[in-house]
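Try each task before reading its solution.

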Amino acid sequence: MEIVVTNESDIAVFAITGRLDAVSVPQLEERLNQWFEQPGKKLIFDLQGLDYISSAGLRVFLTTAKKMKARDGKLCMARLRDNVKDVFTISGFIALIPAFDTLGAAQDAIK
Amino acid sequence: MIMKKMPARVESLHELLTFIRAEAKKRGFSESALSRIELVAEEALVNVFVHGYAKGQGQVEVRCLVADDPSLTIEIHDTGVAFDPLSLADPDVQSDLTKRKIGGMGVFFIRKMTDRVAYRREGNSNILAMTFLNR
C-alpha cells in the first residue's frame, strides 16, 4: 500500500493505492495520527488506486470519521472502485462518509 | 483436498490469501466473487490471528475442499481456545456515526458474503467452514 498526501489550500487529500488490509492498516493509522496533530478540518480519501479493503481498513475510516466529527471537520471519499464500494455499501459505511465519483466533486463538497 | 499450513500471525496473511484466491480462480469464480472470497478469508484468518492463541504461537491451516459442483468450501482450522465467531451479534449497520461501533464487521462480512458458513469444534480444533457457490 502507498499513501500520498497532498494539500490544496485547506484541503488534505490522502491518495491510497494498493491493499488496505490487516497488514497495511498500521501504516495508514500512523500517517493519519500525524495529520491529526495539526488542526486541519478538511480531509479527502482519494481511493482511485485502492484495490482492496477489509474490515481492518474500514475500522480506520470509522475512527477517522469520528475524530473529524469531534473537531467539527469535513471528511469525504472520492473515486471508489466497484469492489471497494461494495464493501462500503454492505457495511453501511457508505451512509457515514460521503462518497463522490470525482475528486473535483469531493473538493467542491467540502470547500 | 488442498491445504496450506502457516503460523497464525498477520505476516502469513498475504501468502494464505494468494493461495485461496488461486484455488478459487481455478474453479472459475468471477473477479467480483474472487474479491468477496478474499475478503471473507481475510476476516476469518485475522480472527484466528487476533483471538486464537493467547501467546501468539500457533498454526492456522486452510483447506480447500473439492466438490463435484463448481462451488468452493474453505475450512479454517486452528487449535486455539474454543471460539465460535458466529456466536457474535451482528453490528447495527443502520446506526449513525455517533452510535456506530468499531467491532463486529469481520464476522458480519463472513455471514453476509458466504452462501453457507458453519463452525464446529473437533477435538482441540476450531473449524470454520465457508462455502461459496459459483453462479
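**Exercise 1.** In this predicted model, find how many residues of chain B are in contact with chain A, and work out which helices of chain B supply that side.

*Solution.* Start with the count: 18 residues of chain B are in contact with 19 residues of chain A. Next, look at the helices. At least two residues of this side come from each of α1 (13–26), α2 and α3 (105–113) of chain B. Finally, sort the side of chain B that touches chain A by class: nine residues are nonpolar, five are polar and four are charged.

**Exercise 2.** Trace the sheet of chain B and name its edge strands.

*Solution.* First, write down the strand order, which is β1-β2-β3-β5-β4 in chain B. These five strands form an open sheet with antiparallel pairing. Now check the ends: β1 (2–7) and β4 (116–122) of chain B each pair on one side only, and they are the edge strands. From one strand to the next, the twist averages 15 degrees.

**Exercise 3.** Zoom in on β2 and β3 of chain B: how many bridges join them, and which residue is the bridge partner of B:Glu61?

*Solution.* Take β2 (residues 59–65) and β3 (residues 72–78) of chain B; they run antiparallel and six bridges join them. Then follow B:Glu61 across to β3(B), where its bridge partner is B:His77.

Key
Residues numbered from 1 in each chain as written. Chains lettered and ligands numbered in written order. Predicted model: local features only at pLDDT ≥ 70, side-chain atom pairs only at ≥ 80, totals over all residues. Pairing = 2+ DSSP bridges. Helix = DSSP H or I, 4+ residues; strand = E, 2+ residues; numbered from the N terminus. Axes fitted to C-alpha atoms, helices over the stretch in contact; angles between N-to-C directions. Contact = placed C-beta atoms within 7 Å. Nonpolar A, V, L, I, M, F, W, Y, C, P; charged D, E, K, R; others polar.
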